[in-house]
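Please open the model in your viewer and keep the selection panel at hand. The stops below are meant to be taken in order.

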Amino acid sequence: PPEGRREKSGFIPGTEEGERLTILDDSGKKAAPMAYEEGIPFWKGRWSGESYLAWGSDVNVGDRLKLRFSAGVTGPATLALGLTRTSDHGSFRILVNGREVAAALDLFHDSAMLSQETEFKDVFLYQGLNVLEFVVVGSNPKAREWGGGSGLHKLGLDYVLVK
């Protein structure tokens with residue numbers, strides 16, 4: 001493949017795949033698995049598995065996506081999210097168990113589609129089930145749609161990893 005690009009990837013050890021997480025709420029706007037294979041020539045970065053959870057062609061400011069994930073212990077931990085970034089992705093407030101970990105994480109990227117890990121340190125987690133929430137807060141001023149009417153607030157979640 002071209003430099004910096006990947007053809008396929010195995011699963012990153014210890015992750016919960018985004019496309020396999022339980023969806024608790026999606027503001028009535030369906031999140032669904034999307035295969036990486038469709039965009040292999042364009043994708044850059046590291047991803048886990050063959051697909052990710054895609055949300056967003058009709059998502060607007062204020063819409064929310066709530067997901068359930070697991071942790072092995074109770075207490076502060078580093079939470080790593082494998083997130084996709086491209087020209088039509090939005091900015092999101094991110095909460096874990098109702099506590100804000102990011103006020104406005106901008107997932108815009110101007111070149112090829114990028115899959116990148118973002119870490120949040122000292123996130124309080126419970127042993128067992130936890131809730132990860134994304135709330136649309138806007139989009140980057142440079143954002144542009146890939147297709148007419150597809151929107152500028154998309155989100156792609158590849159995986160969740162507790163470190």
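How many aromatic pairs does the structure hold? The structure holds two aromatic pairs, where rings of Phe, Tyr and Trp (its six-membered ring) pair if their centres lie within 6.5 Å, with planes under 30 degrees apart counted as stacked, over 60 as edge-to-face and the rest as tilted. Before they are selected, two remarks on conventions follow. This is a predicted model, in which local features need pLDDT of at least 70 and side-chain atom pairs count only at pLDDT 80 or more, while totals for chains, interfaces and linings use all residues. Residues are numbered from 1 along each chain as its sequence is written, and side-chain values use heavy atoms, with hydrogens and water left out.

**Stop 1: the aromatic pairs**

Select F92 and F134. These two residues form an edge-to-face pair, 6.3 Å centre to centre with 90° between the planes. F92 belongs to strand β8 and F134 to strand β11, so the pair ties together parts that are 42 residues apart in sequence; strands here are DSSP runs (E, at least two residues) numbered from the N terminus, as are helices (H or I, at least four residues). Both F92 and F134 are buried, that is, under 20% relative accessible area, whereas exposed means over 50% and partly exposed in between (1.4 Å probe, protein chains only).

Next, select F124 and Y126. This aromatic pair is also edge-to-face, with 5.3 Å centre to centre and 80° between the planes. F124 is partly exposed at a relative accessible area of 30%, and Y126 is partly exposed at 37%.

**Stop 2: N130**

Which backbone oxygen does the side chain of N130 reach? Keep Y126 displayed: the side chain of N130 reaches its backbone oxygen at 2.8 Å. N130 is in strand β11 and is buried, with a relative accessible area of 1%. Its side chain is also joined to that of N97 by a polar contact of 2.8 Å; a polar contact is a pair of N or O atoms within 3.5 Å, where within protein one must be able to donate a hydrogen and the other to accept it, and residues adjacent in sequence count only if both atoms are side-chain atoms. Leaving aside neighbours within four places in sequence, the contacts of N130 (heavy atoms within 4.5 Å) include L67, F69 and L125.

**Stop 3: the five-stranded sheet**

Colour the strands β2, β6, β11, β8 and β9. They form an open sheet in the order β2-β6-β11-β8-β9, with antiparallel pairing; two strands pair if DSSP finds at least two bridges between them. β2 (22-25) and β9 stand at the edges with a single partner strand each, so one side of each is left without a neighbour in the sheet. Neighbouring strands are turned by 30° against each other on average, direction ignored, the axes being lines fitted to C-alpha atoms (for helices over the stretch in contact), with angles from 0 to 180 degrees between N-to-C directions. Within the sheet, β6 and β11 pair over eight bridges.

**Stop 4**

Select R64, which is found in strand β6 and stands opposite V135 in β11. R64 is partly exposed, with a relative accessible area of 30%. R64 and V136 are 72 residues apart in sequence and 6.4 Å apart in space, C-alpha to C-alpha.

Move to D63, in the loop between β5 (51-55) and β6 (64-71). Is D63 buried or exposed? At 11% relative accessibility, D63 counts as buried. Its side chain makes a polar contact of 2.8 Å with the side chain of K29.

**Stop 5: β12 and the core**

Select β12 (155-162). Seven of the eight residues of β12 are buried. Bridge partners in β12 include V160 for E16, L155 for W55 and V162 for L79.

Finally, display the largest nonpolar core, which has 28 residues, with L81, L132, F134 and L157 making the most contacts inside it. Such a core is a set of buried Ala, Val, Leu, Ile, Met, Phe, Trp, Tyr and Cys residues joined through side-chain atoms within 4.5 Å. Strands that each supply at least two residues of this core include β5, β6, β11 and β12. Around L132, the contacts beyond four places in sequence include L65, L81, I94 and L157.
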